[in-house]
Amino acid sequence: MGGADQIGALAAGARNVVEGRQKMTPSEAFVETMVANGVTDVFGIVGSAYMDALDLFPAAGIRFIPTVHEQGAAHMADGYSRVSGRHGVCIGQNGPGITNFVTAIAAAYWAHSPVVAVTPETGSLTIGLGGFQETDQLPIFSKITKYQAHVTQPARMAELTARAFDRAILEMGPTQLNIPRDHFYGEVECEIPRPIRIGRGPGGGRDLDAAAELLAKAQFPVIIAGGGVVMSDGVEACIRLAEQLGAAVVNAYLHNDSFPASHALACGPLGYHGSKAAMKVIHQADVVLALGSRLGPFGTLPQYGFDYWPANAKLIQIDADPRVLGLVKKTSVTVCGDAREAAEALAARLAQRTLAGAASREARRNSVQTEKAAWAKELADWHQEKDAWSLEIAKNAQEMHPREMLRELENAMPAQAMVSTDIGNICQIANSYLKFEQPRSMFGAMMFGNCGYAFPTMIGCKAAAPGRPAIAYVGDGAWGMSFGEILTCVREKIPVTAVVFNNRQWGAEKKNHVDFYANRFLGVNLENPSWAGVAKAMGADGVTIDRVSDVGPALAAACKAQGEGRTTVLEMMVTRELGDPFRRDALKLPKRLLAKYQALSA
Ligand SMILES: Cc1ncc(C[n+]2csc(CCOP(=O)(O)OP(=O)(O)O)c2C)c(N)n1
Ligand SMILES: [Mg+2]
């Protein structure tokens, strides 16, 4: 027996982690610790720095998924972890392979994803000599990881690998495992540590009592279901608490999957291009329960010219991370706990209580229905952007209006779909048109906000959940940054559907030129190749769509093709009109003092 047969036979027993203290190589200790943590997939680009360990992956039952770029690998690890709740793992060559991770690890940090970035570094005997591919790899990640392990000695490989994996889950964020490349070699005696997985608990008893007290007295309670509800598998608990209280539920920004959209109490998302119904409802609240949310500053800014945050409401904030409590909004009660367990604990406390809001339960429910219907009607009648510039630019255009296209996509969205969204004007508007029934379905480029996030992240999602339809929404500018990973889909047979919004511009930034710089366009217009043609040249399917009636059938066909292993790029030809900007607080009208720049003053 040899070659592939031998690896297959070894892999059959791969999930049994070696027991007890024994002699092994550091590479074996590293790989066995990953096995102990249930790792089955690792994304990266091959490199000599860790080849001794890589050689063991197949026999250990670990699939190595080679990518086009290390940024793609780390985004894939992010998507993989967000959809599965398990670790996402990426690895690369010391120096440039590792610095290529940086943007994606920063994104994973703000998405609270348990990604382990394995970063082999230059050999310990030559550190500091300025040899090949050397850079100090710990400072680079110090602000974008929850924990950094540096393998100081080969004998500590298992211990420190285990700690990096434990802390990624415990602290819900990326960790770094930095390994001098010579430390993979040699002989050590060690035991493979078993993973530490602990319940977070619902929070302090007195804090929960105080929260229950506020909720019992609330006339108009509203729940914000945050990412913590998704991460704690707490949607059912959130539904029960909402029903008990008769509380409307809004989704925190970019967490449209934190509460089922079809539920009678669901109002839709807050934040940019969120649901006006959600905003109007939360505006009436006298008590807001932020469940599993850090209440990020970006997600509650005024929208549609409406400063909806209920400034006088009492705020209960529950989050598993003590550092985010009271950070952005002043709280009346703070609870450090797991969103699911806290919701269950509150439901138990409220079961025996008379609820002050009981009498108005029906009225509040009706108000939710009325606002939802009004918002649905407004969206249905909203075919194109109505500002002067958009009306002008789209006047005689042959292309589709972005909103009409987004609505068709919404209507054709298959059950159980996973959708990632990039950063850009059309992706942002998509927030109004993305509804989900189950958690772990929406993967926004969270608060790091990097263009180029959505596509590789969705490849990672698909690797973790091959049975679910995988769809990435990407602007054409961001697509230019990320389309290379089509090759990963094709080579590794990880079929994904990319919906590329071809408006021939870096639209979200162009909107700033329109709103603040008197249409002085600079660096925002894009000349594109046929993105459908590029996809075909790379071995995927590519379809150019310029009729609204073709959008839904094309999405359905592309998702079906995933079942046959086919990746499709749907190139949506849309007008250059632009929706409301990302934010209005970020820019000021230009003021120039020097005479030569006077013409550029507002
Ligand atoms: C990596 C990165 N570079 C630059 C930006 C700034 N930026 C934000 S939105 C945007 C334009 C996105 O254009 P596109 O992807 O074509 O989407 P559109 O706005 O046209 O819908 C840019 C350049 C960013 N967010 N991330
Ligand atoms: Mg664009």
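The model is predicted, with local features needing pLDDT of at least 70, side-chain atom pairs counting only at pLDDT 80 or more, and totals for chains, interfaces and linings using all residues. Residues are numbered from 1 along each chain as its sequence is written, chains are lettered from A and ligands numbered from 1 in the order in which they are written, and side-chain values use heavy atoms, with hydrogens and water left out.

Me: Why is Asp476 called buried?
Reply: Buried means under 20% relative accessible area, exposed over 50%, partly exposed in between (1.4 Å probe, protein chains only). Asp476 has 2% relative accessibility, so it counts as buried. Gln505 is buried too, with a relative accessible area of 2%.

Me: How do you know that helix α17 (residues 402-412) is largely enclosed?
Reply: Eight of its 11 residues are buried, so the rest of the structure largely encloses α17. Among them are Pro402, Met405 and Leu409. The cover includes α15 (361-380), β17 (470-475) and α24 (548-563).

Me: What makes Gly477 a polar contact of ligand 1?
Reply: A polar contact is a pair of N or O atoms within 3.5 Å; within protein, one must be able to donate a hydrogen and the other to accept it, and residues adjacent in sequence count only if both atoms are side-chain atoms. A polar backbone atom of Gly477 is 2.8 Å from an oxygen atom of ligand 1, so the pair qualifies. Another oxygen contact of ligand 1, at 2.9 Å, is with a polar backbone atom of Gln505.

Me: Why does the protein chain agree with a compact globule?
Reply: The radius of gyration is taken over C-alpha atoms, and the globule rule is 2.2 Å times the number of residues to the power 0.38. For 602 residues the rule gives near 25 Å, and the chain has 25 Å, so the values agree.

Definitions and conventions: Helix = DSSP H or I, 4+ residues; strand = E, 2+ residues; numbered from the N terminus. Contact = heavy atoms within 4.5 Å.
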